[in-house]
Amino acid sequence: MKILGIESSADETAAAVVEEGKKLLSNIVASSLDLHTVYGGIVPEIAARSHLEVIVPVVDEALKTAKTSWDEIDAIAVTYGPGLGGSLLIGLLTARTLAIAKNKPLYGVNHVTAHVYANFLTDKADIPQLAAYRLNEKQPDFPLLALIVSGGHSQLVLFKNHFDYQVLGQTADDAVGEAFDKVAKMLGLPYPGGPSIAKEAQKGDIKAIKLPKAKMSNTYDFSFSGLKTAVLRSAQELAGQDYTFPSSGLPQALTEAQKADIAASFEDTAIQTLIDNLKVAIRQFNPKSIVLAGGVAASQYLRQQIEQHIDQPVLYPDIKLCTDNAAMIAALGYFMATNNQPTADPYSLEIDPGLQM
Ligand code: KG4
Ligand code: ZN
């Protein structure tokens with residue numbers, strides 16, 4: 001069974017073909033990231049416009065790279081939420097149109113759940129475009145504990161089986177990736193904040209600044225808004241200013257060494273917060289597999305700290321499959337198709353920007 005996946009929830013326009021929910025045949029991602037960097041975040045109107053410009057060539061390229069004709073496609077899977085409304089619409093309308101024109105079953109996919117399914121990709125076509133991908137050796141087993149950490153989400157989810165899961169905890173305010181993006185902005189570092197904080201942090205000392213880890217009433221919940229404010233207060237203090245000093249003035253007021261120390265201390269605190277919750281959940285639920293998913297799972301520091309603090313093996317997707325992509329959408333689409341999940345009506349499937357797991 002070959003599934004064509006389509007994804008357009010944020011700034012990546014993506015299409016991919018996946019066979020049997022595990023074999024990657026193509027993974028095409030066009031990003032409008034460069035257009036947003038100057039603004040320090042995604043500009044929804046720019047994102048929607050660039051999806052519109054590239055979606056058709058991206059889908060064509062996914063089929064061509066996969067050496068797959070329309071006849072060989074068994075179903076189309078598309079992200080219908082959560083995400084930016086204007087962005088979601090472009091992918092969804094493309095998928096609906098193709099499902100009608102090519103007479104294919106259509107599956108509406110939850111983007112956040114799909115991040116987890118990047119870990120189910122264990123095989124790939126023998127083509128140059130996929131040569132650099134490092135895939136998990138085998139698919140995860142159930143019960144599966146997933147830490148989903150991205151620009152929009154931070155949650156711990158326990159899957160008893162496909163489509164039978166329990167959200168153990170989630171963020172009460174900012175997502176962890178969002179905190180990286182906001183702290184990066186405070187330090188005058190480019191968007192997205194994850195990679196730029198990581199680079200800056202290498203020059204700094206994680207112990208230089210004492211930052212708080214939020215304590216939540218539900219053990220598995222997260223909060224990153226207090227940490228972000230604590231970073232701001234420390235930065236203002238280091239700059240010799242009071243709390244009324246605007247964050248926009250900080251990149252000029254801080255020395256390079258101070259910025260590096262702030263980045264390192266923040267990165268360490270944010271990552272340790274994730275690991276603390278993960279550890280408690282592993283102890284309580286004793287999962288057969290533990291997986292990381294989402295853009296923040298690309299963090300080398302997170303991977304390194306997990307290796308130090310967690311004894312069990314932890315699976316993570318290749319970096320190119322951590323950030324937004326359509327291979328994860330196609331993989332989840334396959335499991336929907338093979339686990340009696342309902343198909344969507346191509347004439348009426350709507351976007352759901354606030355969709356939850
Ligand atoms: O999953 P994703 O591509 O989009 C969402 O669904 O949100 O995640 C993007 C997020 C951004 O906030 C970015 O700062 C973060 O992932 N990110 C990282 C790293 N690479 C990307 N965070 C920490 N360390 C990284 N290396
Ligand atoms: Zn995502």
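**Ground rules.** I am working on a predicted model, where local features need pLDDT of at least 70, side-chain atom pairs count only at pLDDT 80 or more, and totals for chains, interfaces and linings use all residues. Residues are numbered from 1 along each chain as its sequence is written, chains are lettered from A and ligands numbered from 1 in the order in which they are written, and side-chain values use heavy atoms, with hydrogens and water left out.

**Ligand 1, shell.** I then listed the elements that give two or more residues to the shell: helices H4 (111–117), H5 (176–186) and H6 (193–201). Helices here are DSSP runs of H or I with at least four residues, and strands are E runs of at least two, numbered from the N terminus. H6 gives the largest share, three residues. I count 18 residues around ligand 1, each with a heavy atom within 4 Å of it. Gly 151, Gly 177, Asp 181, Gly 194 and Gly 295 are the closest. By type, the shell holds four nonpolar, 12 polar and two charged residues, with Gly counted as polar.

**Zinc ion (ligand 2).** Which protein donors does the zinc ion have? I found His 111 (NE2), His 115 (NE2) and Asp 324 (OD), at 2.0 to 2.2 Å. Donors are N, O and S atoms within 2.8 Å of the metal (3.2 Å for Na, K and Ca), and water is not among the atoms, so sites may look incomplete. The donor spacing in sequence reads H-x3-H-x208-D. His 115 in H4 and Asp 324, in the loop between H11 (319–322) and H12 (327–338), link distant parts of the chain, 209 residues apart.

Most residues other than glycine have a negative phi, and most peptide bonds are trans. I marked the bond from Gly 81 to Pro 82 as cis, with omega near -10 degrees. Pro 82 sits in the loop between S4 (75–81) and H3 (85–101). The bond from Tyr 191 to Pro 192 is cis too, with omega near -5 degrees, and Pro 192 is in the loop between H5 and H6. Glu 20 has a positive phi, near 55 degrees.
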